Amino acid sequence: MNVNTLLEAANKFVRELSKPFVGREEEARAIALAIISGEHVILIGEPGTAKSALARRAAELINARFFKYLLTRFTEPDELFGPLDINALKQGRYVRITKNKLPDAEIAFIDEIFNANSAILNMLLTIMNERILYDGYNEIKVPLWTMIAASNNVPDEPELQALYDRFLFRHFVKPVSEDKWMSLLDAAWKIEAGYYERAEPVLSIDDIKALNRLLFKVDLSRIKEKLVKIYAILEDHGIHLTDRRKGKALKAIAASALLSGRTVATEEDLLVLKLVAPKDRDEAEQVNAILLEEIRATERHLRELSEIEANIKEAIKYINSITDFEPRLVDYLRSFEAVRDRVKRIAEETTDEVVRKKALDVLAEIGEVIKLVRRKLGI
């Protein structure tokens, strides 16, 4: 596929992924971001919120080999990684039969992942991080592209923090809101009746790999200053990102741009940090509020500058119509001098080039109208 076709197919993937499920657009986007960036995603929330169904459908849409398993405290490594080959063992060779097990999967869904015991935990860490299964004397390279995991809660145990940190994307799933309950009933009935058949692939693993290569061609230059500023704000609010997560967030931002059909990242793509920065639900609410405040500032500034520009045009019409001394001209002068200071602050503080250019243009217009008022006042 060419670039435009790839981007269109990626967008279709998100739409098709959420199609059978009511109110699961955010979950579908989180999974899509993880798959495009070749990272892992964890969905945290109560059972019965379509987590496993979304994972299976994601694999179907890219025709990927899929593995699914529910972990308990008693799960043995053989259940995930395959049993030992007894015949090989008799010959003194330590070999696992991995067919149709986790080491054979391209997309995997592990439910209640934090139930992993120490033996499974260590093997999962290396598979997720290095795509290698260390097993006895063997190193097995695995084709795992993305692991989608689920849990009811965020882990408190220190030994599980390394595993939790391997998930670049963390999404806190909520039940469907009340206004969508009727749609939920209708969709659930169709699913129970078998109305939704197996998903038809819209991408292949090769296409996903092509998107992943394209990821590193996304222009991130416009957002880096703003990103650093947001990191500082999050830190001030007690929300800490490890150095690794700070760097990997660039992949999330680039993936967001691709899903929006762009190869240039904009401030809007920084909203993806709500899936990267928080550790728990409380932080998720904080991060979302901070991002909305900081990123929406661009929209507010542009709107404010446009209003000032409109006021300037109206003022010029009025000022040009005055032939004699008018006391209101003094008020105009003071007002525009104050507005000039405000626009200067916007131009100096913004990290958005579009806002800065707009502010400088408006400053020039304010300068002209101040000169006009001064002439009318004979100053």
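This is a predicted model: local features need pLDDT of at least 70, side-chain atom pairs count only at pLDDT 80 or more; totals for chains, interfaces and linings use all residues.
Me: Let's start with helix 12 and helix 14. At what angle do their axes cross?
Reply: They cross at roughly 20°, and the axes come within 10 Å. Helix 12 covers residues 281-321 and helix 14 covers residues 353-377.

Me: Why do you quote both an angle and a distance for two packed helices?
Reply: Because two packed helices are described by the angle between their axes and the distance between the axes.

Me: OK, so are helix 12 and helix 14 roughly parallel or roughly antiparallel?
Reply: Roughly parallel. Angles under 35 degrees count that way, and helix 12 and helix 14 cross at roughly 20°.

Me: Is the crossing of helix 12 and helix 14 left-handed or right-handed?
Reply: Helix 12 passes helix 14 in a left-handed crossing.

Me: Which residues meet there?
Reply: From helix 12 you get T298, H301, L302, L305, S306, I308, E309, I312, I316, I319 and N320. Across from them in helix 14 are V354, V355, K358, A359, V362, E365, I366, V369, L372, V373 and K376. By class, the contact of helix 12 with helix 14 divides into 14 nonpolar, 4 polar and 4 charged residues.

Me: How far is K358 from A187?
Reply: Their C-alpha atoms are separated by 47 Å, and the two residues are 171 apart along the chain.

Me: Switching to the other end. What angle do helix 1 and helix 3 pack at?
Reply: About 140°, with their axes 9 Å apart. Helix 1 is residues 3-18 and helix 3 is residues 51-61. That angle makes helix 1 oblique to helix 3. Helix 1 also passes helix 3 in a right-handed crossing.

Me: Which residues do the touching between helix 1 and helix 3?
Reply: F13, E16 and L17 in helix 1 meet L54, R57, A58 and L61 in helix 3. The contact of helix 1 with helix 3 has 5 nonpolar, no polar and 2 charged residues.

Me: What about L7, is that one buried or exposed?
Reply: L7 is found in helix 1, and L7 is buried, with a relative accessible area of 8%.

Me: Which residues are in contact with L7?
Reply: If we skip neighbours within four places in sequence, they are L211, L214, L258, G261 and R262. For a sense of distance, L7 and N311 are 41 Å apart in space, C-alpha to C-alpha, and 304 residues apart in sequence.

Me: Now helix 6. How many residues does helix 6 have?
Reply: Helix 6 (residues 118-130) has 13 residues. From the first C-alpha to the last, helix 6 reaches 18 Å, close to the 18 Å expected at 1.5 Å a residue.

Me: Which residues of helix 6 are buried?
Reply: I120, L121, M123, L124, L125, T126, I127 and M128. What covers them includes helix 4 (77-81), strand 4 (132-135), strand 6 (146-151) and helix 7 (161-165).

Me: What follows helix 6?
Reply: R131, with a positive phi near 55°.

Me: Where are A50 and N100?
Reply: A50 is in the loop between strand 1 (41-44) and helix 3. A50 has a positive phi of about 70° although it is not a glycine. N100 is in the loop between helix 5 (86-90) and strand 3 (107-111), and its phi is near 65°, also a positive value in a residue other than glycine.

Me: How exposed are A50 and N100?
Reply: A50 counts as partly exposed at 23% relative accessibility, and N100 counts as exposed at 57%.

Notes. Residues are numbered from 1 along each chain as its sequence is written. Side-chain values use heavy atoms; hydrogens and water are left out. Axes are lines fitted to C-alpha atoms, for helices over the stretch in contact, and angles run from 0 to 180 degrees between N-to-C directions. Helices (H or I, at least four residues) and strands (E, at least two) are DSSP runs, numbered from the N terminus. Angles under 35 degrees count as roughly parallel, over 145 as roughly antiparallel, 65 to 115 as roughly perpendicular and the rest as oblique. A crossing is left-handed if the near helix is turned anticlockwise from the far one by less than a right angle, and right-handed if clockwise. Contact means heavy atoms within 4.5 Å. Ala, Val, Leu, Ile, Met, Phe, Trp, Tyr, Cys and Pro count as nonpolar, Asp, Glu, Lys and Arg as charged, and the others, Gly among them, as polar. The expected span of a helix is 1.5 Å times one less than its number of residues. Buried means under 20% relative accessible area, exposed over 50%, partly exposed in between (1.4 Å probe, protein chains only).
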